[in-house]
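Please read the following walk-through with the sequence and the coordinates open beside it.

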Amino acid sequence: MTFLRTIGRTFLSFLWGVGHLSLFALTAISHCVRPPFYPRLVMRHVIDIGYYSLPVVGLTTLFTGMVLALQSYSGFREFGAERAIALIVVVAVTRELAPVFAGLMVAGRIGAAIAAEVGTMRVTEQIDALTTLSTDPYKYLVVPRIVAGTIMLPCLVIVGSIIGVFGGFLVGVYKLGFNPAGYLSATWDGLEWIGVLSGVTKAAVFGFLISLMGSYHGYNSRGGAQGVGAATTHAVVSASILILCFNYFITELFFSL
Amino acid sequence: MTTTPKIRLSGVHKSFGPKHVLRGVDLDVQPGESVVVIGGSGTGKSVMLKCVLGILSPDTGTVSIDGTDTTKLKGRDRIDLMERFGMLFQGAALFDSLPVWQNVAFGMMQGRRHLPKAQARELATEKLAMVGLPAEVGLLSPAELSGGMQKRVALARAIASSPEIIFFDEPTTGLDPIMGDVINDLIIKSVRELGATALSITHDMASARKIADRIAMIHEGHIIWSGLPSDIDGCGNPYVEQFVHGRAEGPIRMPVRAI
Ligand SMILES: Nc1ncnc2c1ncn2[C@@H]1O[C@H](COP(=O)(O)OP(=O)(O)O)[C@@H](O)[C@H]1O
Ligand SMILES: [Mg+2]
């Protein structure tokens with residue numbers, strides 16, 4: 001009996017959380033299209049999320065592309081390794097690896113920062129102070145972060161994909177001894193628009209999710225430093241899980257029809 | 001007198017889960033009056049202010065400003081109402097991502113007033129001077145200031161847009177007595193200069209006597225006494241007397257275990 005009750009209660013609180021989050025997301029989106037806007041704040045977060053995440057994303061995708069080329073070689077050594085590996089690298093990096101790894105890295109970097117900053121503002125009453133100064137905290141805090149995240153992650157993923165493919169090229173040419181021109185032409189042949197489009201779409205959704213989860217958990221944090229710490233953890237974990245879930249569903253949307 | 005009170009709380013209840021914090025608060029503040037609410041820590045003074053400000057919404061009861069119920073206001077109307085308020089938060093609540101002068105000028109740079117930057121900056125410097133801070137402080141970040149300076153910046157921010165109604169949440173708590181008195185003078189001066197109505201909260205009796213036209217005491221979610229500062233010593237209410245004299249013995253019991 002107590003077991004069932006525990007399950008029931010967990011389920012109800014899960015539903016409550018989903019509803020609460022959806023309401024938060026809808027409110028935030030509705031504020032995205034209504035003035036006043038804060039372009040300077042959007043710029044600040046664009047630089048934070050886009051520019052300062054470049055090294056992390058670049059290194060991640062570089063090594064991913066490199067290791068992918070190396071691993072694939074052991075499987076394709078016998079027949080037409082050069083074309084096959086170039087193809088695998090470009091398809092896997094643009095469709096899956098760059099968006100997912102960039103998403104996870106940015107979730108750790110930016111999702112945590114957003115949750116910590118907004119959460120600290122909540123527990124030190126800075127969010128209440130915003131309201132008393134006639135400023136809507138959704139517009140001032142949440143919208144700029146969500147807009148910047150949704151715009152910048154696709155840019156990061158495009159750059160990351162190029163670096164990842166380049167990583168595969170480096171290993172292919174300098175370690176496995178492929179012909180550079182052949183490798184490049186195979187890469188070019190393997191590049192399809194739907195792969196790039198799906199990667200960019202994923203990135204936009206992931207960027208939205210990262211900023212949303214960071215803002216949501218920060219905005220609803222309570223109870224001082226410990227509460228902010230918990231909000232940060234929840235923001236990163238929930239954003240990472242959502243990224244992996246949505247990755248599957250967007251893939252299905254693009255490729256199963 | 002039949003003037004409409006500037007602020008009227010009637011039957012305000014507020015609970016957090018099982019904790020029933022406000023249990024029917026009734027309080028009137030007349031235009032131009034400075035009312036101070038005293039009461040022990042954790043008796044719901046800040047919660048009461050937040051209900052008036054609309055940061056928290058009361059479970060039942062109404063909060064009226066100039067005779068209009070504001071508890072249901074949303075969106076644009078609430079923002080318009082907020083432009084008539086100034087609030088000094090208990091913990092200063094300065095925006096740490098902005099330099100001091102932008103904190104002070106914040107309300108004037110946002111909202112519908114929307115002053116240009118140079119003008120806002122000039123005004124901020126002026127307001128900082130009013131609370132006794134030199135213009136150089138304006139360039140610092142709030143984290144570089146001492147607690148007393150933060151309170152003064154927060155005070156400058158609260159009065160910057162010349163609000164009609166100003167709320168002060170424990171303006172002197174945590175300050176040394178001299179700085180506390182400086183803040184008291186600043187409050188009196190800014191309220192007089194602006195002709196504003198003030199509702200303050202404190203548990204500092206010296207401050208209450210100094211800034212209040214009228215004192216009210218909150219205990220267990222009710223206003224149990226209200227009267228002139230000069231009457232508070234011989235008022236005959238055992239709760240008020242215990243609080244004013246700061247005695248551990250009396251009708252207000254602190255839940256502490258004997259050693
Ligand atoms: N947001 C909140 N959630 C839950 N409990 C709260 C909240 N705000 C205040 N309380 C509770 O309400 C009571 C009164 O708090 P407060 O008004 O801050 O006291 P004070 O009179 O010292 O200002 C406290 O017991 C506090 O725990
Ligand atoms: Mg308080």
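How much area do chain B and chain A bury between them, and what share of it is on carbon and sulfur atoms? In this predicted model, the two chains bury about 1,600 Å² between them, and 60% of that area is on carbon and sulfur atoms. Counted by residues, the interface brings 23 residues of chain B into contact with 17 residues of chain A.

Charged and polar pairs also cross this interface. Two salt bridges are counted between chain B and chain A, and a salt bridge is found where the side chain of Lys50(B) meets that of Glu125(A), with 2.6 Å from N to O. For polar contacts, the rule finds three residue pairs across the interface, with both residues of each pair at pLDDT 80 or more. On the side of chain B that touches chain A, at least two residues each are supplied by helix 1 (45-53), helix 2 (75-82), strand 6 (85-88) and helix 3 (100-109) of chain B. Sorted by class, that side of chain B consists of 12 nonpolar, six polar and five charged residues.

Because Ser46(B) belongs to helix 1 of chain B while Gln90(B) sits in the loop between strand 6 and helix 3 of chain B, the pair ties together parts that are 44 residues apart in sequence. Is Gln90(B) buried, exposed or partly exposed? With a relative accessible area of 35%, Gln90(B) is partly exposed.

How values were computed:
Residues are numbered from 1 along each chain as its sequence is written. Chains are lettered from A and ligands numbered from 1 in the order in which they are written. This is a predicted model: local features need pLDDT of at least 70, side-chain atom pairs count only at pLDDT 80 or more; totals for chains, interfaces and linings use all residues. Side-chain values use heavy atoms; hydrogens and water are left out. Contact means heavy atoms within 4.5 Å. Buried area is the accessible area (1.4 Å probe) that two parts lose on being put together, summed over both. A salt bridge is a side-chain nitrogen of Lys or Arg within 4 Å of a carboxyl oxygen of Asp or Glu. A polar contact is a pair of N or O atoms within 3.5 Å; within protein, one must be able to donate a hydrogen and the other to accept it, and residues adjacent in sequence count only if both atoms are side-chain atoms. Helices (H or I, at least four residues) and strands (E, at least two) are DSSP runs, numbered from the N terminus. Ala, Val, Leu, Ile, Met, Phe, Trp, Tyr, Cys and Pro count as nonpolar, Asp, Glu, Lys and Arg as charged, and the others, Gly among them, as polar. Buried means under 20% relative accessible area, exposed over 50%, partly exposed in between (1.4 Å probe, protein chains only).
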